[in-house]
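Try each task before reading its solution.

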Amino acid sequence: MFFAFSSPLFWYRLIFLTELFAAEALMTFKLKRRSYFALRAVLLAAGCYAVTFLFPIAAYNAFYVSFMFVFMFFMTIAALYACYREPLLNVVFCCIAAYATQHIAYEVYTFFVTAFGLQAASLPYAETGKLAFDVWTMAIYIESYAAGYALMYLFFGTHIKRGTDFRIGNVAQLVISGVILLTAVLLSSVVTYRDSALTDVVIMCVVHAYDALCCVLALVIQFSMLRRKKIQSDLDTLQRLHDSERKHYMLFKENVDYINLKCHDLKHQIRRIAQGGEVKDSVISEIENAVSIYDSDVKTGNETLDIVLTEKRLACAGKGITFSVIADGRKLDFMTDADICALFGNALDNAIEAVCRLPDRDKRSVSLSVRSSCGFVSVRVRNRCAGEVRFENGLPVTTKSDRSRHGYGMKSIKAITERYGGQLDVTTGGGEFSLGILFPADGI
């Protein structure tokens, strides 16, 4: 009978669609929406309910019922793709997670009603009978779905953030996750239709628990791919920043050497002009001071650190920032040139950017110290700051609006610190931002 209005399955599939929509809303609400999103959502949801209502029930067996539910699942994918301005793979990723969440909640529900002998687990798929919930089955239903959805969102859904790129490199693993889910759905239908009064309750409970765990495994596989992609993306970005810092260092070193040579010659020429009496002493002094800005390298005992600090000193001078340095660069010989460039370049760039936001120019100051004590090398960068600094995972959050493209400076500093067995400490208070690093003296 194609339209068996008296069949529990006929009406249960509408309940299933509602459960699936709820799970999908939980996993997709942070995605970018298309224009007229609310209107699209209402019309497409109504269309999905209409198609589900009219979908014929040609047979009452595990394979046809599974096909019907999977068809409804793909129908919701198409509807959501029309609602969200996202690549299709992003929508599929979230929908697989949502279907797994719905099925986990369903298996938890059937586990408890089976364990308590309520025998309501097989009722929704039956050809005859009616959908009837007593107080106990309704309480178990509400608690199972509420707890299941909440836990799956807490452990997995929270990783879906606005602007997340789901275009994972290994699509085959996403397919594996989907196959695990669809297999679990099919096996659940087979077990449900084979269930009878003679079936061992313990075995059925084990099967339902195992089915739920398979869906959890599918979610773990899915989101581990997302995490690996994020880690790989961060590593690639840090490596590019590293290479960029190195190239920048080499270019600046060449420029500084050339400028110093020209400044040295220029000061001698100015002196010769002054000795001829053609220019006033005050003018000569002013010119010499201006030239000295470029001719006074920072000397710490580490050539790479000297180049970085010279560049930052020039940047501070141009922006009216007081820059003070007390550094024994020889203590950093255990670090590579690229790591010194990246660590001190990022730390000082962040400090300079922070003080430039201060309205009071007299408070614009940055200080750096590098010293050794008791078998450790201490690096400390201090600067004044305005406003509250927010932290996430122990690191300050970038103040720029596009967090996907910024914030890698602190990640790079942390990665370099850990590479040499050091510890990073970031503190704020009293209008001051302090970044401290403690390395073992041998850098191991």
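Two strands count as paired if DSSP finds at least two bridges between them. Keep in mind that this model is predicted.

**Exercise 1. Find how β2 pairs with β3, and in which sense.**

Step 1. Locate β2 and strand β3 (residues 376-384); they pair in the antiparallel sense.
Step 2. Count the bridges: there are 8.
Step 3. Look at the link. β2 and β3 form a hairpin with 2 residues between them. In the turn, C374 has a positive phi of about 55 degrees.

**Exercise 2. Find how β1 pairs with β2, and the hand of the β-α-β unit.**

Step 1. Strand β1 (residues 322-327) and strand β2 (residues 365-373) pair in the parallel sense, over 6 bridges.
Step 2. Take S324: its bridge partner in β2 is S367.
Step 3. With β1 and β2, α10 makes a left-handed β-α-β unit.

**Exercise 3. Work out where the buried residues of α2 lie around the helix.**

Step 1. Check the length. Helix α2 (residues 37-54) has 18 residues, which should span 26 Å at 1.5 Å a residue. The end C-alpha atoms are 26 Å apart, in agreement.
Step 2. List the residues under 20% relative accessible area. In α2, the buried ones are F37, C48 and T52.
Step 3. Look down the axis of α2. These buried residues fall within an arc of 30 degrees, so they line one face of the helix.
Step 4. Turn to the face away from the buried side of α2. That face carries the exposed residues L39, V42, L43 and L54.
Step 5. Ask what covers the buried residues of α2: the cover includes α1 (8-28) and α3 (62-83).

Terms used
Residues are numbered from 1 along each chain as its sequence is written. This is a predicted model: local features need pLDDT of at least 70, side-chain atom pairs count only at pLDDT 80 or more; totals for chains, interfaces and linings use all residues. Side-chain values use heavy atoms; hydrogens and water are left out. Helices (H or I, at least four residues) and strands (E, at least two) are DSSP runs, numbered from the N terminus. The expected span of a helix is 1.5 Å times one less than its number of residues. Buried means under 20% relative accessible area, exposed over 50%, partly exposed in between (1.4 Å probe, protein chains only). The arc is that of the directions from the helix axis to the C-beta atoms. Contact means heavy atoms within 4.5 Å. A crossover is right-handed if, with the strands pointing away from the viewer, the path from the first strand over the helix to the second runs clockwise.
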